[in-house]
Amino acid sequence: MVIASKLPEIGLTIFSEMTRLALQHGAINLSQGFPDFDTHAELKDLVAKYIRSGHNQYSPMQGVDALREIIAAKTRQLYDAVYDPATEITVTTGGTQAIYTAVTATVHPGDEVILVEPAYDCYAPIVRLNGGVPVFATLDFPSYRIDWNAFGRLVNAKTRLIILNFPHNPSGAVLSAQDLEILAEILRPNPVLILSDEVYEHIVFDGLSHQSMSRHPELRQRSFVVHSFAKTYHTTGWKVGYCIAPRALSEEFRKIHQYMVFAVNTPIQYAYAEFLEDRQRYLSLPSFYQAKRDRFLDLIRNSRFRPLPCHGTYYQLLDYSQVSDEPEMQFARRLTMEYGVAAIPPSVFYHRGGDHKVLRFCFAKKEETLSAAAERLNAI
Ligand code: GLN
């Protein structure tokens, strides 16, 4: 049987493709974004504790109470934003499910959705699957800042949703408080919603602070803010995140969520609820990852790769124009096969073009992985 594809131009995601190529060629995998070190022993013990003590049946559809309550407290402390855990916080099976659910809850056929590109690879397909039309606002290169004038011109009566993702994957760009003010001004006359993918909220460097949509009293009213525990606690394989949104938005979100996954892994939710009590765990993340970024940059400082500014996330863009003039995809493949280091070509995050001769390297890695990769990069 052959079925008519709903996504005819789409193949395997770049993350699966590059990880597979890395495995095939025994390359050091700095492509797909995940730590090669383990999560906290105490967190693993907590999951075991809740499994052993019998927390093994469905959780409430919206998530376990204790977890939603501590998320509400954390959001208040960090962003000065009050969300009701009963009606405005929903625990999800990771960030991607939250994004899918929010788009499905809001986008009607023919609606326009503004994406900032380079755009994380799931956004446009999810918009299209819901009958929406992606419209692209391209970040300036090499600053990866939003050109607000160009952005403002894209907003019209058909615009339903804007998808933002800061700290930005793949560039590491962050938003300033002024960016939020400008966005609020652009949107003021328009009934446009925001979906803000903030899964790297705790990985912001150089003394900067994360500008969450929930921090801004006006923007928060129209925002679904998506978070994840994966990047914060080195648990990308556990697939647990959450979405916070005002009551009316959360109500629609939950209508979809209940039929998409119903509820999320129960013992892991209890474990996170307890682990989140130690605020130091996430407050110390900027210095933990900034040290890794700086170590990686120091290790490759004499190479022919030139770093672009990175203020957040655990990705570093490197310009390879002194090494090769091949397109990003081609060079990424050759770097993996011939030199044994796998990276992500950001050109795949543009709907067309966007080939700037840079590759994205994930530095959420052990010291020995970073130094082995640097040795190979330095030899090119
Ligand atoms: N978010 C991770 C990245 O950007 C990977 C996610 C995935 O493999 N789908 O690399």
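Trainee: Which residues are around the ligand?
Mentor: In this predicted model, the residues around the ligand are F15, Q32, G33, Y120, N169, Y200, K231, Y315 and R360.

Trainee: How many of the shell residues are nonpolar, polar or charged?
Mentor: The shell around the ligand is made up of four nonpolar, three polar and two charged residues.

Trainee: What lies 3.2 Å from an N or O atom in the side chain of Y315?
Mentor: An oxygen atom of the ligand does. Y120 places a polar side-chain atom 3.1 Å from a nitrogen atom of the ligand.

Trainee: And how much of the ligand does the protein bury?
Mentor: The protein buries 79% of the 290 Å² that the ligand exposes when taken alone.

Trainee: Which pocket is the space taken by the ligand?
Mentor: That space is the largest pocket.

Trainee: Changing topic, what does the domain assignment give for the protein chain?
Mentor: The assignment gives domain 1 (14–33 + 283–378) and domain 2 (41–277).

Trainee: How many Å apart are their C-alpha centres?
Mentor: The C-alpha centres of domain 1 and domain 2 are 26 Å apart.

Trainee: How many residues of each domain are in contact with the other?
Mentor: The contact involves 27 residues of domain 1 and 29 residues of domain 2.

Trainee: Back to the ligand: from which domains does the shell draw residues?
Mentor: Domain 1 and domain 2 each supply at least three residues to the shell around the ligand.

Definitions and conventions
Residues numbered from 1 in each chain as written. Predicted model: local features only at pLDDT ≥ 70, side-chain atom pairs only at ≥ 80, totals over all residues. Heavy atoms only, no water. Near = heavy atom within 4 Å. Polar contact = N/O pair within 3.5 Å; in protein donor to acceptor, adjacent residues only side chain to side chain. Areas by Shrake-Rupley, 256 points an atom, 1.4 Å probe, with all protein chains shown as cover. 1 Å grid on protein atoms, 1.4 Å probe; cavity = no way out; pocket = protein on both sides within 12 Å on 5 of 7 lines; lining within 4 Å. Sits in = over half its atoms within 2 Å of the grid points. Nonpolar A, V, L, I, M, F, W, Y, C, P; charged D, E, K, R; others polar. Domains from an automatic or database assignment. Contact = heavy atoms within 4.5 Å.
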